[in-house]
Amino acid sequence: MLSRMASVEDLRARARRRLPHFAFDFFDGGAETESNLRRNRAAFEAVTLQPRALVDVSKIDTSVCLFGQDYALPFGVAPMGFLNLAWPGTDLALARLAAEKRMPIGASTAASTSLEAIAEAAEGHAWFQLYVSTDKDWVSSLLDRAWAAGFRVLLLTVDSAKPGKRDRDIRNGLQIPFRPTLGHMLDLARHPRWSLATLKAGLPRFANAVGPNSPFSSAIPLTELQRRMISDSFDWEDLKRLRSRWKGSLVLKGLLNPDDSRLAVAAGCDGIMVSNHGGRQIDYGPTSLEVLPAIRDTVKGRAELLIDSGIRRGADLIRAKAYGASMALLGRPFAYGAGAGGADGCRQAAETVETELTRALGQLGVVDFNRVDESLVLRGSDSWAPWSNR
Ligand SMILES: Cc1cc2nc3c(=O)[nH]c(=O)nc-3n(C[C@H](O)[C@H](O)[C@H](O)COP(=O)(O)O)c2cc1C
């Protein structure tokens with residue numbers, strides 16, 4: 001059992017000790033210089049929230065309604081591939097946690113557990129994340145499988161037409177499926193608990209595409225896997241075709257440009273997830289929070305706005321909501337939790353952020369998360385950001 005961790009940062013520190021170096025780097029790393037990783041945090045931290053006093057905050061409501069479904073929390077688990085590399089069974093532990101906490105969870109195309117198993121464990125709380133591959137039949141079968149498994153929200157990731165260049169993974173020689181080198185063996189020997197648990201459970205697989213005909217069965221570097229799995233020619237016309245094929249809610253994940261958000265609304269998307277993929281794709285673009293107000297002002301309520309990238313504290317959810325995002329997904333906090341202590345660590349990640357959120361709302365004098373708006377932001381506190389010149 002994992003001792004009580006105070007924060008997501010503490011979970012990260014524990015995961016760093018427990019995981020082999022190459023596995024920790026896979027979760028923790030970003031693209032190239034990783035400046036977007038740092039900027040993701042700086043953007044949230046720059047926004048000062050101004051409290052109101054003498055408000056009865058004995059009852060606080062954190063629930064939100066999205067795509068016709070009620071969620072108890074305004075945050076959930078971002079889709080992450082190969083999550084069972086953090087600890088065996090992580091995908092299912094998180095899916096069960098999502099059902100229990102009534103929060104959404106993204107099931108990745110590249111998950112290490114099948115989309116059907118995640119859907120079953122999440123009891124109606126799972127959203128399917130699609131990477132559109134060049135193999136049209138495979139995409140079509142994934143959509144059919146997702147619908148049959150009960151998914152009604154599709155997160156279509158649109159920020160990965162070219163793979164992110166993650167220097168740490170290149171240095172570490174990470175390949176999927178995993179083929180250990182001598183360096184990896186030494187790394188594994190230094191982390192016997194992880195190594196034994198992972199060997200016993202079997203190395204994580206690309207569970208949505210197993211079998212002899214899978215285009216992903218041989219060992220290839222991670223960037224090559226991304227290149228094969230994600231088409232680089234998918235465009236707005238293709239999106240329109242996908243829109244007419246998918247009968248559920250459709251959310252574009254990874255938009256950072258207000259002009260694109262206008263096109264997304266015109267194409268009939270139900271939601272826009274403002275995201276820089278946690279700083280794992282481009283290293284020189286904006287943070288999600290920086291562009292959120294301009295996207296909000298363009299969309300004008302015609303689609304739901306969601307956000308991810310860099311959220312580590314409960315107050316970050318309030319900052320994001322103040323600029324227009326009603327739901328946030330967290331990626332690494334749950335990966336750190338799993339690495340730190342399996343299912344228990346995942347729970348601690350969720351409960352830490354939940355506690356911080358409820359306390360921050362109370363401290364700010366806000367009883368209902370849905371009532372958070374820009375008036376909470378101390379004017380000028382975000383003066384470094386482009387939106388403050390509006
Ligand atoms: C290890 C890892 C794997 C990821 N895999 C996917 C994926 O398969 N599909 C996807 O759309 N996003 C993927 N992402 C991006 C997340 O969905 C999300 O955008 C990002 O983690 C949010 O930033 P945060 O980690 O700072 O919370 C991945 C992120 C991480 C850290």
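**Accessibility, phi angles and the ligand site**

Colleague: Why is Lys 300 called exposed?

Modeller: In this predicted model, Lys 300 has a relative accessible area of 66%. The term applies to values over 50%, so Lys 300 counts as exposed. Lys 300 is placed in the loop that links helix H13 (288-299) to strand S11 (304-307).

Colleague: What makes the phi of Lys 300 worth a remark?

Modeller: The phi of Lys 300 is near 50°, a positive value, and the residue is not a glycine. Most residues other than glycine have a negative phi. Phe 67 also has a phi near 50°, again positive in a residue other than glycine. Phe 67 belongs to the loop between strand S1 (64-66) and strand S2 (69-71).

Colleague: Why is Phe 206 called buried?

Modeller: The relative accessible area of Phe 206 is 7%. Phe 206 lies in the loop between helix H9 (192-201) and strand S8 (220-221). Its C-alpha atom is 8.2 Å from that of Gly 81, although 125 residues separate the two in sequence.

Colleague: How do you know that Phe 334 is buried?

Modeller: Its relative accessibility is 1%. That value is under the 20% limit, and therefore Phe 334 counts as buried. Phe 334 is part of helix H15.

Colleague: What makes helix H2 largely enclosed by the rest of the structure?

Modeller: Seven of the eight residues of H2 are buried, which means that the helix is largely enclosed. The buried residues are Phe 22, Ala 23, Phe 24, Asp 25, Phe 26, Phe 27 and Asp 28.

Colleague: Which helices each supply at least two residues of the shell around the ligand?

Modeller: They are H2 (21-28) and H15 (332-364). Of the 23 residues around the ligand, Pro 79, Ser 108, Thr 157, Asp 308 and Arg 312 come nearest. By class, the shell comprises eight nonpolar, 10 polar and five charged residues.

Colleague: How much of the ligand's area does the protein bury?

Modeller: The ligand taken alone exposes 610 Å², and the protein buries 98% of that.

Colleague: Where does the ligand sit?

Modeller: The ligand sits in the largest cavity.

Terms used. Residues numbered from 1 in each chain as written. Predicted model: local features only at pLDDT ≥ 70, side-chain atom pairs only at ≥ 80, totals over all residues. Heavy atoms only, no water. Near = heavy atom within 4 Å. Areas by Shrake-Rupley, 256 points an atom, 1.4 Å probe, with all protein chains shown as cover. 1 Å grid on protein atoms, 1.4 Å probe; cavity = no way out; pocket = protein on both sides within 12 Å on 5 of 7 lines; lining within 4 Å. Sits in = over half its atoms within 2 Å of the grid points. Helix = DSSP H or I, 4+ residues; strand = E, 2+ residues; numbered from the N terminus. Nonpolar A, V, L, I, M, F, W, Y, C, P; charged D, E, K, R; others polar. Buried < 20%, exposed > 50% of the residue type's maximum accessible area, 1.4 Å probe, protein only.
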